[in-house]
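Notebook open. I want to look up charge pairing, helix packing and the nonpolar core, in that order.

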Amino acid sequence: LTRNSARFFIVIFIFVALAFIPISLLVGQYKWTGFGPFDFQVNRFLLYFVFFIFGTCIGSGDWENYFFINNKFLNKPWQFWLILCLFSYLLVELFTYNVWDTVRAGKLGVNLAWTFFDLLFVASCISSSFTFLAIFKQNINKHYHLWTNLSANAFGIYLIHYIFITWLQFALLNISLPVFIKFLIVFLVTLLVSWTIVNFARKFKILNQII
């Protein structure tokens, strides 16, 4: 399956879409749990779970030999995945910008509009994930202490980063700053804080065995 990039993308797309779209249509796109610092969007629960399982499965074996052919992810250069990633995201933005006029004009139903949006969102999620795998594998070929440390702490960062990324976005919501500046603040602070906490936590033997 991994020898055919289009087929593999479609299979992953189907799994993710089934985990995301039905529950999105059922509970709504922006319903949150309200669990304090662990607040998250209800419709994304299974989405996160599928990606977690996917990451666990490929991380439990010799995944590089399955997914990389001639050092290229699914036998495609990283430039291919980057273009696909940007194109998918552009489609999401263009659809979001234009679709609601069509809905208000009665030319497209609300549920159908959200279904199309979710399909594009899923494609964007998958292509961006594949892009990062491809870029790092093809371009980060030397061992540096910083990258080695980040790799060792990556799983722990994954587990706790959501708390910081969510609340930082809320904190900046009413502050008048360009969107890109807000993105940089949220991304860098979340990464550095999560990285620091996990790096410290892994000094304890029990936690180090888990994360």
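**Salt bridges.** I searched the whole structure, a predicted model, and found one salt bridge. The partners are Arg104 and Asp101, with their closest N and O atoms 2.6 Å apart. I checked where they sit. Both belong to helix α4, residues 78–104. They are three residues apart, about one turn of the helix. Next I asked: is Arg104 buried or exposed? Its relative accessibility is 63%. The cut-off for exposed is over 50%, so Arg104 counts as exposed.

**Helix packing.** I turned to α4 and its contact with helix α5, residues 110–139. Their axes lie 8 Å apart, and the packing angle is about 160 degrees. Angles over 145 degrees count as roughly antiparallel, so that is the label for α4 and α5. I also looked up the handedness: the crossing of α4 and α5 is left-handed. Then I sorted the residues of this contact by type. I got 23 nonpolar, eight polar and no charged.

**Nonpolar core.** Which residues of the largest nonpolar core touch the most other members? The core has 30 residues, and the answer is Phe13, Phe67, Phe73, Leu74, Trp81, Ile126 and Phe130. I then traced the core back to the helices. At least two residues each come from α1 (5–27), α2 (45–59), α4 and α5. The largest share is that of α5, with 10 residues.

Note on methods:
Residues are numbered from 1 along each chain as its sequence is written. This is a predicted model: local features need pLDDT of at least 70, side-chain atom pairs count only at pLDDT 80 or more; totals for chains, interfaces and linings use all residues. Side-chain values use heavy atoms; hydrogens and water are left out. A salt bridge is a side-chain nitrogen of Lys or Arg within 4 Å of a carboxyl oxygen of Asp or Glu. Helices (H or I, at least four residues) and strands (E, at least two) are DSSP runs, numbered from the N terminus. Buried means under 20% relative accessible area, exposed over 50%, partly exposed in between (1.4 Å probe, protein chains only). Axes are lines fitted to C-alpha atoms, for helices over the stretch in contact, and angles run from 0 to 180 degrees between N-to-C directions. Angles under 35 degrees count as roughly parallel, over 145 as roughly antiparallel, 65 to 115 as roughly perpendicular and the rest as oblique. A crossing is left-handed if the near helix is turned anticlockwise from the far one by less than a right angle, and right-handed if clockwise. Ala, Val, Leu, Ile, Met, Phe, Trp, Tyr, Cys and Pro count as nonpolar, Asp, Glu, Lys and Arg as charged, and the others, Gly among them, as polar. A nonpolar core is a set of buried Ala, Val, Leu, Ile, Met, Phe, Trp, Tyr and Cys residues joined through side-chain atoms within 4.5 Å.
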